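Q: Please take a close look at the packing of helices in this model. I would like to know which residues make the contacts.

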Amino acid sequence: MTSIIITGGAGFIGSHVVRLFVNKYPEYRIINVDKLTYAGNLANLKDIEDKPNYRFVKADICDFDTIYALMQEEHVTGVIHLAAESHVDRSIKDPFTFARTNVLGTLSMLQAAKLYWESLPEKYEGKRFYHISTDEVYGALELTHPEGVTPPFTTKASSAHHEAYGEEFFLETTKYNPHSPYSASKASSDHFVRAFHDTYGMPTIVTNCSNNYGPYQFPEKLIPLFINNIRHRKPLPVYGKGENVRDWLYVEDHARAIDLIFHKGTIAETYNIGGFNEWKNIDIIKVVINTVDRLLGRQEGEDMDLITYVTDRAGHDLRYAIDSRKLQAELGWEPSLQFEEGIEKTVRWYLDNQAWMDNITSGEYEKYYEDMYAERPSCD
Ligand code: NAD
Ligand code: DAU
């Protein structure tokens, strides 16, 4: 029987992956292992929590004994590892927590899987350890192309640009060059995963994905934070000049890629996953403002004056852009949603699920928000 531990399943991307696997594979056993940090929320999984092929285990991935015992008890054949501290701003304030969870936690998962699988007669046969990583490990790209072509490149144009200017994107072969404590911790965890393949023969896969957006994202990240602030007519803190570029992918497309790669990806390979969808922050923020205004029945653009330029993020990476042509060519994956459709769906979801947002943004969140933004004076 296929029995898969998905770590971090109560978080943003993890909850979409758990939902997809539980619904699509009733014959599998899906075990969601999550510590329920501030970012973990079982309300993200209400619709599947009673399914017979699903089990939730509240545990810390750093707790080796518990993870090892769970692998034995559930006869685990696969691991999809998403649990992590994921927010760059928090990593700047508290790097130790990132090293503990992202580096030592990943090592604990690897070591538990290694000892359990090596204890079986068939050993690694039919097993898979799939580690979910980020494009941030590659560092930052330039804004302007040497030949004068200026990103951002949005969906369709970008494929052509990729043909011509492949080196201006992150490839699977791009050298790691992390800048933030978050990306340094993710880079380190990626190296451990690959080391377990090279040293012990563990069947591992790593994927590096660009910025995800969609339902159930914690409102510390740009898009849900700004949707909620616009709704409450609170200032929108734009870091620096708002010129940084990110490559946005709808979260369900990431979950689909994870499903495909878990089942069909080649062991020991790395796959980049991206949206071919680059936006300058300030441009995406304007799209979000217009969409929220329209859906709330306000005049489109009426909330533009909430934009507040604030002190930049320390070490703020200028541009991320993924080249995911390997995944397209080898496994036939491509993003299913155009950005306009994805952002409309996303804004609508947050506005329709205000109770979910209000629940998260009460209590401790208020203090976090005040502290974080007290440190960012307006530059206007
Ligand atoms: P998230 O912060 O929304 O969720 C993280 C989850 O991990 C939470 O449920 C949390 O409770 C759990 N967790 C944290 N520490 C844990 C621990 N010690 N033990 C057990 N569980 C723990 O994160 P996300 O945005 O869904 O990201 C998931 C993964 O995908 C991360 O590994 C991240 O690096 C990677 N990733 C994220 C993005 C993105 O845009 N969000 C893009 C590429 C890659
Ligand atoms: O690229 C993948 C990464 O994307 C993931 O690995 C991370 O887990 C995820 O958090 C995300 O990192 P970013 O730092 O790019 O995401 P964030 O939503 O924090 O910020 C997006 C951009 O918006 C970034 O350039 C910083 C800027 N920003 C963000 C916030 C929260 C603002 O200008 N103001 C804000 O208040």
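A: A crossing is right-handed if the near helix is turned clockwise from the far one by less than a right angle, and left-handed if anticlockwise. Helices are DSSP runs of H or I with at least four residues, and strands are runs of E with at least two, numbered from the N terminus. This is a predicted model, in which local features need pLDDT of at least 70 and side-chain atom pairs count only at pLDDT 80 or more, while totals for chains, interfaces and linings use all residues. Residues are numbered from 1 along each chain as its sequence is written, chains are lettered from A and ligands numbered from 1 in the order in which they are written, and side-chain values use heavy atoms, with hydrogens and water left out.

Take α2 and α4 to begin. Helix α2 covers residues 64–74 and helix α4 covers residues 95–118; their axes (lines fitted to C-alpha atoms over the stretch in contact, with angles from 0 to 180 degrees between N-to-C directions) come within 9 Å and cross at roughly 40°. The pair is therefore oblique, the class left over when under 35 degrees is roughly parallel, over 145 roughly antiparallel and 65 to 115 roughly perpendicular. The crossing of α2 and α4 is right-handed. On the α2 side, the contact (heavy atoms within 4.5 Å) is made by Phe64, Ile67, Tyr68, Met71 and Gln72. On the α4 side, Ser108, Met109, Gln111, Ala112, Ala113, Leu115 and Tyr116 take part. Nine of the residues in this contact of α2 with α4 are nonpolar, three are polar and none is charged. Here Ala, Val, Leu, Ile, Met, Phe, Trp, Tyr, Cys and Pro count as nonpolar, Asp, Glu, Lys and Arg as charged, and the others, Gly among them, as polar.

Now consider α1 and α8. Helix α1 spans residues 12–24 and helix α8 spans residues 251–264, and their axes come within 9 Å, crossing at roughly 55°. α1 and α8 are therefore oblique to each other, and α1 passes α8 in a right-handed crossing. From α1, the contact uses Phe12, Ile13, His16, Val17, Leu20, Phe21 and Lys24. From α8, it uses Val251, Glu252, His254, Ala255, Arg256, Ile258, Asp259, Phe262 and His263. The contact of α1 with α8 holds nine nonpolar, three polar and four charged residues.

Finally, α7 and α11. Helix α7 (residues 222–231) and helix α11 (residues 339–352) pack at an angle of about 55°, and their axes are 10 Å apart. That angle makes α7 oblique to α11. The crossing of α7 and α11 is right-handed. α7 supplies Ile223, Pro224, Ile227 and Arg231 to the contact, while α11 supplies Ile343, Thr346, Val347, Tyr350 and Leu351. By type, the residues in the contact of α7 with α11 are seven nonpolar, one polar and one charged.
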